[in-house]
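Okay, thanks for coming, everyone. Let me put the model up on the screen and then walk you through a few places in it.

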Amino acid sequence: LFKNATVWTNEQEGILKITDVAISEGRILAVGQKLIGTDIFGKEVFQEIDATGKHLTSGIIDEHSHIAIDRGVNEGTQASSAEVSIANVIKSNDINIYRQLSGGVTTAQLLHGSANPIGGQSGIIKFRWGSPPEEMKFEGAPGFIKFALGENVKQSNWGDFERIRFPQTRMGVEQVFYDHFHQARAYEKRWKNYNSLSMSEKRKTIAPREDLEMNTLVEILNKERFITCHSYVQSEINMLMNVADSMGFTLNTFTHILEGYKVADKMREHGAGGSTFSDWWAYKFEVNDAIPYNAALLKDMGVLTAINSDDAEMARRLNQEAAKAIKYGGTSEENAWKMITLNPAKLLHLDDNMGSIKIGKDADI
């Protein structure tokens, strides 16, 4: 039982002064004033912690992380690696988990790298230091996958000997998406036709070959798996939204999204969120138009906006990264704090469980 804290609820109640929060077995039980930690006989039921003069918040959530991944983050040998999963290579004893916990991070989406237009599946973990990999996974978390655009996927900076794998141009990147999604539709149709047969007809027919890559892409088309897409340049952001619109699904998150301020109106119309850096720019050509006002402008245009790390060291200080939205964009303290707590929870479709101080939510505080 935390007593007399300043509680940043991230709910309609806003920031509450001199407020108590009771937690038990990983859940928030009560939020209010003058909560009692003893039973009717005066026996102490809760361990009381005096939080006078301190701030209590929900845990930080990193939408874009590459820590705790064993033996490489990219399967870059083909244009699509949708069949592989980061959840299979979680390294639970990565010291960065411990260090980031000290900075308030409690949950992260572990993403495949940006070597291919269609990358691998994500792993979403709770930072349960000392637990084995399976116990770190967020049970019941929705499925995500990494997509990527730009210089990385067309191998601009890979060296003179990396000129073999398709695609090598931006127009090739777009075609990769269409080629694979049309293959997935055809694959799904073959299975539907086979499953519509009677048992006697199935005995006379060879079943389609099970394809793990196609299964994943069919999940995307049927809105059962969500995309987080590495992106920088407005023309490519527009391109992928057009691909998604034509194929009948919505891009969940554009991550990095450093030219998002140029296409925020189109992102809002499409329904995509943005997970951006606070002020990274000029580290490669396609980042030249990045500005430190991006997060605030996206938020002001009605785009669900988060700030991520993509970096093991910076993730320890995401509170300071969020503060830059106040310095540059005039964002309120509450809205800046939501960019690293409630908003990434919403982008990950986990806000029923985390992202705010509310009765019934996980006590990641």
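This is a predicted model: local features need pLDDT of at least 70, side-chain atom pairs count only at pLDDT 80 or more; totals for chains, interfaces and linings use all residues.

Residues are numbered from 1 along each chain as its sequence is written, and side-chain values use heavy atoms, with hydrogens and water left out.

Okay, the helices. How do α3 and α5 cross? Helix α3, residues 170-195, and helix α5, residues 212-221, have axes that come within 9 Å and cross at roughly 95 degrees. The axes are lines fitted to C-alpha atoms, for helices over the stretch in contact, with angles running from 0 to 180 degrees between N-to-C directions. That makes α3 roughly perpendicular to α5. On that scale, under 35 degrees is roughly parallel, over 145 roughly antiparallel, 65 to 115 roughly perpendicular, and the rest oblique.

As for who touches whom, α3 brings His180, Phe181, Gln183, Ala184, Arg185, Tyr187 and Glu188, and they meet Glu213, Met214, Asn215, Leu217, Val218, Ile220 and Leu221 of α5. Contact means heavy atoms within 4.5 Å. By class, the residues of this contact are eight nonpolar, three polar and three charged. The nonpolar class is Ala, Val, Leu, Ile, Met, Phe, Trp, Tyr, Cys and Pro, the charged class is Asp, Glu, Lys and Arg, and the others, Gly among them, count as polar.

Stay with α5 for a second, please. Seven of its ten residues are buried, so to speak mostly covered; buried is under 20% relative accessible area, exposed is over 50%, and partly exposed is in between, with a 1.4 Å probe and protein chains only. The buried ones are Glu213, Met214, Thr216, Leu217, Val218, Ile220 and Leu221. They pack against α3, against α6 (234-247), and against the strands β8 (118-121), β10 (143-148) and β11 (225-231).

Either side of α5 there's a loop to look at. Glu210 is partly exposed, at 48% relative accessible area, and beyond four places in sequence it touches Tyr187, Trp191 and Asn215. Then, in the loop between α5 and β11, you get Lys223, with a positive phi of about 60 degrees although it isn't a glycine. Lys223 counts as exposed, at 55% relative accessibility.

A reminder on backbones: most residues other than glycine have a negative phi, and most peptide bonds are trans. Glu25 is another with a positive phi, near 50 degrees. You'll find Glu25 in the loop between β2 (15-24) and β3 (27-32), and at 80% relative accessibility it counts as exposed. And for the peptide bonds, Phe166 and Pro167 are joined by a cis one, omega about 10 degrees, with Pro167 in the loop between β10 and α3.

Is Asn116 buried or exposed? Buried, at 0% relative accessibility, and it lies in the loop between β7 (105-110) and β8. Beyond four places in sequence, its contacts include Asn74, Glu75, Ala148 and Arg165.

On a 1 Å grid over the protein atoms alone, a cavity is a set of points where a 1.4 Å probe fits but cannot get out; a pocket is an open set with protein on both sides within 12 Å along at least five of seven lines; and lining residues have an atom within 4 Å of a point. Points are joined across faces, edges and corners, and a volume is the space filled by probe spheres set on them.

The largest pocket holds about 260 Å³. Its lining has 17 residues, with His55, Leu56, Thr57, Ser58 and Ile365 nearest the centre. Two or more lining residues come from each of β1 (2-8), β4 (49-50) and β5 (55-56). His55 itself sits in strand β5 and is exposed, at 54% relative accessible area.

There's one cavity of 30 Å³ or more. The largest cavity has about 40 Å³ of space, and among its lining residues are Ser58, Thr106, Met354 and Asp362.

How values were computed:
Helices (H or I, at least four residues) and strands (E, at least two) are DSSP runs, numbered from the N terminus.
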